[in-house]
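This briefing covers aromatic pairs, side-chain contacts, helix packing and one backbone torsion. The structure is shown first, and the points follow by topic.

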Amino acid sequence: SLDGEDQRGVWQLYLKWALLHNTDCQAIFKEALASVTAQHKEELQLQYLSWAESSLPADDVREIVEALLREPCTPFSLFTHCIEFECMQVQVDVPSVRALFERAVTEYGASEPGLWSNYIAFEMEHGGETRVANLHWRATHNLAKELSDVFLTASALHKEV
């Protein structure tokens, strides 16, 4: 039996081979994700998404995103990656991006002031003053005290620019 690091290395080699030979990469990614340790899952999830974004239609990528987000303890980087993917689409699906932000703030709203800042920036472009004000209030009340102070300082500096 291989330990986590060795197992990760074997999967990485197998995936490199599969990508070079145009085999069923999606099935290999799914198998790898089902067998690697939690410690190595995040890296593999991001690789899977990057491959999917360059190889599959957007709707297929969204199906993969939904499957990955159903996993317990979704990594913050996965939310970030998914939000960036949706925002880069020619036609931004605003409700979908909002849903991703809401899922992210549910899990990381107490510890990630940058998440709130990004959500507010998104709403400044796609929402309106009421949404922005509501998010600002939520951020200050959901972030841990020291992070709320950081958020407020950053918001004040941003307004001055």
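Rings of Phe, Tyr and Trp (for Trp, the six-membered ring) pair if their centres lie within 6.5 Å; planes under 30 degrees apart count as stacked, over 60 as edge-to-face and the rest as tilted. W11, Y14 and W17 form one aromatic cluster.

This is a predicted model, in which local features need pLDDT of at least 70 and side-chain atom pairs count only at pLDDT 80 or more, while totals for chains, interfaces and linings use all residues. Residues are numbered from 1 along each chain as its sequence is written, and side-chain values use heavy atoms, with hydrogens and water left out.

**Aromatic pairs**

- Nine aromatic pairs are found when the whole structure is searched.
- The pair Y14 and W17 is stacked, because the ring centres are 6.3 Å apart and the planes are at 20°.
- Both Y14 and W17 belong to helix α1 (residues 4–20) and sit three residues apart, about one turn of the helix; helices (H or I, at least four residues) and strands (E, at least two) are DSSP runs numbered from the N terminus.
- Y14 has a relative accessible area of 38% and is partly exposed, and W17 is also partly exposed, at 41%; buried means under 20% relative accessible area, exposed over 50%, and partly exposed in between (1.4 Å probe, protein chains only).
- F29 and Y48 form a stacked aromatic pair, with 4.9 Å from centre to centre and 20° between the planes.
- That pair links distant parts of the chain, with F29 in helix α2 (residues 25–35) and Y48 in helix α3 (residues 38–55), 19 residues apart.
- F29 and Y48 are both buried.

**Q12**

- Q12 is located in helix α1 and is buried, with a relative accessible area of 15%.
- Its side chain makes a polar contact with the side chain of Q47 at 2.9 Å; a polar contact is a pair of N or O atoms within 3.5 Å, where within protein one must be able to donate a hydrogen and the other to accept it, and residues adjacent in sequence count only if both atoms are side-chain atoms.
- With neighbours within four places in sequence set aside, Q12 is in contact (heavy atoms within 4.5 Å) with E43, L44 and Q47.

**Packing of α7 and α8**

- Two packed helices are described by the angle between their axes and the distance between the axes.
- The axes of helix α7 (residues 113–126) and helix α8 (residues 129–142) come within 9 Å and cross at roughly 175°; axes are lines fitted to C-alpha atoms, for helices over the stretch in contact, and angles run from 0 to 180 degrees between N-to-C directions.
- The crossing angle makes α7 roughly antiparallel to α8; angles under 35 degrees count as roughly parallel, over 145 as roughly antiparallel, 65 to 115 as roughly perpendicular and the rest as oblique.
- From α7, the contact involves W116, Y119, I120, E123 and M124, and from α8 it involves R131, V132, L135, H136, R138, A139 and N142.

**R138**

- R138 lies in helix α8 and is partly exposed, at 21% relative accessibility.
- The side chains of R138 and E102 make a polar contact (2.9 Å).
- Leaving aside neighbours within four places in sequence, R138 is in contact with E102, V105 and W116.
- From C-alpha to C-alpha, R138 and S111 are 13 Å apart in space, and they are 27 residues apart in sequence.

**C73**

- C73 is in the loop between α4 (58–69) and α5 (76–87), and is exposed, with a relative accessible area of 72%.
- Phi of C73 is near 55°, a positive value in a residue other than glycine.
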